[in-house]
Amino acid sequence: MDQGIPSRLCGRPFNETDLARIRHEIALAQPPLRAEIARRVCRALDWTDIQGRPKLMSARVGLLRLHRAGLIELPPPSCGNGNGRRYLARPETWPEPVPVSGPLRTLSGLHLAPVSDRRTSHLWNSLIECYHYLGYSPLPGAQLRYLIQWDGGLLGAIGFGAAAWKVAARDRWIGWTPAQRQAQLGRVLNNARFLILPWVQVKHLASKVLSVAARQVAVDFPARYGERVVLLETFVETPRFAGTCYRAANWQSLGETTGRGKTDRTHQAALPRKAVYVYPLAANFRTALGVVA
């Protein structure tokens, strides 16, 4: 295998044959758009979820990684601003920066509204790009996104995507083997983005949202993807954030990452260290993840 070809791509085994098939599908794609290429690659590689539906988001993330590594050449994105970042025009429905404060109990009708169409997806993406310190990027793999709302309007956004492939602190705590992790990682979901709008100053709101989200994800994920999710994870950049809301919502701190990141090849810690937090959604989560007591 060529040195530059990864052995895994977005959690699935990958080899020279797969790369050749992807290149073939790129050449045949009509129209020559990235979305069409992702659909063709999902069919060619049988890249589907447990219900047999194409894993288009995972495919698009994987194709972009191969493109950036110089292993394939994708057509230019159909929309963009030319500087490598997606251009997100502000949607017509945009929250007014009206201060929200007071006790949590005064927020009547607090709920999470699933992102379910192009309008709400555009709004979620734009809010994250505008107000979250990490900005917007597509969430990897199976995902759930929500707008945080109350009777008075919009409060923020929260999103969950595929779990990190390897996390030493998490993997030691779970106690699974590499084979068990490979087989069961789809039952772990990562809280990749969490935003309370900057003009919202309500004590305990963030921890309340995390509690509501945990209950809703446990229901919505199997309904959408046909698979039970049993553990949530997140990474809190330190010392930028203290992780107070996660601890208040009974998430457990497991330690810190090494700061190497997913693509590190030099074993030099170059990225900010992040505190690792987890939240089990089931008492028997280790059994569900293949760990035998």
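I began with N250, which I found in the loop between α8 and β10 (252-256). Helices (H or I, at least four residues) and strands (E, at least two) are DSSP runs, numbered from the N terminus. The model is predicted, local features need pLDDT of at least 70, side-chain atom pairs count only at pLDDT 80 or more, and totals for chains, interfaces and linings use all residues. Residues are numbered from 1 along each chain as its sequence is written, and side-chain values use heavy atoms, with hydrogens and water left out.

**Backbone entries**

I noted that phi of N250 is near 75°, a positive value in a residue other than glycine. N250 counts as exposed at 62% relative accessibility (exposed means over 50% relative accessible area, buried under 20%, partly exposed in between, with a 1.4 Å probe and protein chains only).

I then looked up H204, in the loop between β8 (200-201) and α7 (205-225). Phi of H204 is near 75°, again positive in a non-glycine residue, and H204 is exposed at 51% relative accessibility.

I found a cis peptide bond between T238 and P239, with omega about 5°. P239 belongs to the loop between β9 (231-237) and α8 (244-248).

**Ring entries**

I took rings of Phe, Tyr and Trp (its six-membered ring) as paired if their centres lie within 6.5 Å; planes under 30 degrees apart are stacked, over 60 edge-to-face, and the rest tilted. The count is 9 aromatic pairs. Among them, F194 and Y246 are edge-to-face, 6.4 Å centre to centre with 80° between the planes. F194 is in strand β7 (residues 188-196) and Y246 in helix α8, so this pair ties together parts 52 residues apart in sequence. F194 is buried at 15% relative accessible area, and Y246 is buried at 7%.
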